[in-house]
Amino acid sequence: MSCSNNGTGKRSPVWLCLHFHQLALNIACRDEQHLNQPLVVTEKQRVYQCNFAATNLGIKPGHSMDTAFTLSERVTTTERNQDRETAALKHLAQWAYQFTSNVAIKGSNCLILEVAGSLTLFGGLSKLRSKIQLGLEEQGYCTDMAASSTPQAAILLAIAGLMDSSLNAKADIGPAPVECLQTSNKVVLGLQQMGIHNLHQLLALPISGLARRFDTYFIDYLQRLTGDKPDPQTFISPVANFYHDVTFLHDVTNLASLTFPINRLLGELTSFLSGRQLWANHMTWHISHRSHSRQSFSVYLAAPANDNKMFLTLTQLKLDQIKSVKEVDNIALSVNRFFPAGQESADLFGDNRSSGAQHSVQRGVQPEAQRGVQPNSDQQNQLLNMLTARLGPGKCFGLSEANDHRPEKAWKKIRLHEKDYWVSPKQEGLPRPSFLLPTPKALNVVDNTPCLGGKLALVKGPERIDFGWWDQPIDKPLTRDYYVARQRDGGLLWVFKHLDAGRWYLHGIFS
Amino acid sequence: MAPTLSYKNLASKHPDNRSSDNRSSDNKLPGNKQDALAALMKNRHIWRASGLREHTSGNGIPTGYKSLDTLLTDDGWPNQGLTEVLHDQPGVGELRLLAPALARLSQTQNRWLLWIAPPYIPYAPALSNAGIDLSRLLIVNPDHQADRLWVLEKALASNSCSAVMAWPGQLNHKQLRRLQIASKTGHCLGILYRHSREIDQPSPAELRLRLFSKAGTSSALSDRSQLNLQILKRKGGWATDVFQLELNDKLNQSTPDFSELQVQQWHQGKPDLIYMDQPIEGAGHVLQ
């Protein structure tokens, strides 16, 4: 099926309608596949929608609850929640935004998509339809889809269940029954009383005659249906943030069984991200229960990505650490910060230095063997992701020198995504310890000699380091003489004498 | 400490460096048996008492100390598997011993050097002076022992670290075994710094070293950059006696070499003269 040109070079529109005829039911069983168990969604104590297993038992929409329970005691019931249906439809509209930018919400359970511009990209209408169908099934929604040349015709066909169409509104809608018209019951009744049962019969009548019998709204609708009148639509605008949830029919007590809904939500996040060409590096999960306060936990990535598997692994790592949750009836995923996809993240792996050249001059190294173990940056990122996910964002860091002569300030932590390395000019003569104490430790002094496990022998020094007058009160000069000192049992230490106070301190260890 | 015979996952390839008297004894056997024997001898799982050299693969990471390399099975640190360094307290030279190898790994491999739970702040200027590329360095400081072990195992097995150095605290045999397997999976130099009191614990590590702090105060000035160490366990060889190793740090110079210092300062302080490569050498001599 291809998009035909109408001769003026302007693309004729192709409207695709997604009719979610079991939206309430689909929302109710999003946490798992309740295929075997009869499930009924009720509204005002009557069956509103029921699943296949319930239909097999003889339950039909419109039955009273008593009838349903008489037919089977195993029926699970849940109350219809229209707010959640609206929210779900909005979410689905956002999801459908990945196929076209022209998405509109119609009524309580329909989406219409103008897809003419997307047909080339997705390889034709039938491929696009199966792609949408598949994506919706993965999320647990079933839908009737129909395409036509006007929005109202597409809706009519989808509701009537007429899936095949020639993309010509007038020709397509002929077999549709008048009950499917999106108009008032009074009009439908009037048509039936006139002996008009399908659109063929209706469209054969002169419009002026119909205008005398019915109100202008209906005539307007008919003209929009056939394409005689333009039908402008209000399209959705893409939302900035991702938020979606899954509510469970039964309370979940085992966190391990959250894997399925988590996977489903992550799948939705992935298509949200790919539809907008975005990456994320931080997501928040909210676990709640009606009788407990909501709990949230965050998952951090070392670098922004759109990788379903990685998200799942990290989420499970986090989930393993949660101990205090007893029951869950709702899980939600929210992502608020995004990065443009494919942008080179400012991480630590910018330079892919080839190792071969240096290997060849080194003794005893076989370049082939070494090259076999060179990882890609995905693998490296994966390790970092797992570390930050389990330990939290601040526990894993790099080191750099800093441009300062004071020992405490001559180094700094580097966060994972930074690349702010500074290398000082080499100073061969000055010893620096491999371990620095976070704060200098005061040493005892015996006979003018500092002691730590016996008297220390000063073996090298002094090296005078004058502390920054710009950071200190002017009347408190800080000048230190640093020495390498040797302990009685052989340990080498970096000690200093605070000249002003005349006290000795331990500052580092030559490990 | 007897050398263990269970070398698992080792490559069966073996450089043909058998000594000539081995070959002459082989010659006495009929052809097919000789081939079979030769094949058997090449199998690295068979330990022969004739010496360390029989088992070398040459794949080790050079330690930077020639005398130490000759004592180690693969002419260097094992490039995969655990290496345990046992010592009493920080400060005996346990990092200086590893520094040349770490510097080399950081410069030749595009993988992390991961330090897990170091006892103090690893001091960037010192590491940089030792030649370690800091952009390959990653420090992880987990709060709990369970997290420490988790990180250790994941990092060893991840194949994204060239070396993992850890101060893991107490470990039982099962944990050591898991770490050893992880380290082989990830082709990673795994170094565990442990206390000397763990010396009697059986260990699946490839290499076990003990570092001694020098007791006594006598002649403190003469031996300050020497390290006393003992190989407790190595592949294909017996434990050694305690021997001394001269560390290549500059701590044994009791006074800075002023002539060197002058040249350096001159070099840095007067950038307009840097193009004069030759005179800098001369200037050094004049100052001497």
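Predicted model: local features only at pLDDT ≥ 70, side-chain atom pairs only at ≥ 80, totals over all residues.
Two residues are in contact if their C-beta atoms, placed from the backbone, lie within 7 Å.

**A helix and its cover**

Helix H4 of chain A runs over residues 82–96 and has 15 residues. From first C-alpha to last, H4(A) reaches 21 Å, close to the 21 Å expected at 1.5 Å a residue. Several of its residues are buried: Ala88(A), Leu89(A), Leu92(A), Ala93(A), Gln94(A), Trp95(A) and Ala96(A). The elements that cover these buried residues of H4(A) include helix H1 (23–28), strand E5 (103–106), strand E6 (110–114) and helix H13 (259–276), which belong to chain A.

**A sheet built from two chains**

Strands of a sheet pair through backbone hydrogen bonds, either parallel or antiparallel. In this model, six strands form an open sheet with antiparallel pairing, in the order E18(A)-E19(A)-E20(A)-E21(A)-E15(A)-E3(B). At its edges stand strand E18 (457–466) of chain A and strand E3 (121–122) of chain B, each of which pairs on one side only.

| Strand | Partner | Sense | Bridges |
|---|---|---|---|
| E15(A), residues 435–442 | E21(A), residues 503–510 | antiparallel | four bridges |
| E20(A), residues 492–498 | E21(A) | antiparallel | seven bridges |

Ala442(A) stands opposite Tyr505(A) of E21(A). Ile509(A) in E21(A) is the bridge partner of Phe435(A), and Ile509(A) is also the bridge partner of Leu493(A). The hairpin of E20(A) and E21(A) has four residues between the strands, and in this hairpin Gly502(A) takes a positive phi near 70 degrees.

**The nonpolar core**

The largest nonpolar core contains 175 residues. Those that touch the most other members are Leu16(A), Cys17(A), Ala154(A), Leu156(A), Leu114(B), Ala163(B) and Val164(B). Helix H7 of chain A, residues 151–160, supplies the largest share of this core, with eight residues. For Leu156(A), when residues up to four places away in sequence are not counted, the residues touched are Ile173(A), Ala176(A), Cys180(A), Leu181(A) and Leu225(A).

**Chain B as a whole**

Chain B has 288 residues, of which 41% count as buried. Its secondary structure comprises nine helices and nine strands. Among the contacts in chain B with a separation of 6 or more, 67% are between residues 24 or more positions apart.

Notes:
Residues numbered from 1 in each chain as written. Chains lettered and ligands numbered in written order. Helix = DSSP H or I, 4+ residues; strand = E, 2+ residues; numbered from the N terminus. Buried ≥ 20, exposed ≤ 12 C-beta atoms within 10 Å, placed from the backbone. Pairing = 2+ DSSP bridges. Expected span 1.5 Å × (residues − 1). Core = buried A, V, L, I, M, F, W, Y, C linked by C-beta atoms within 7 Å.
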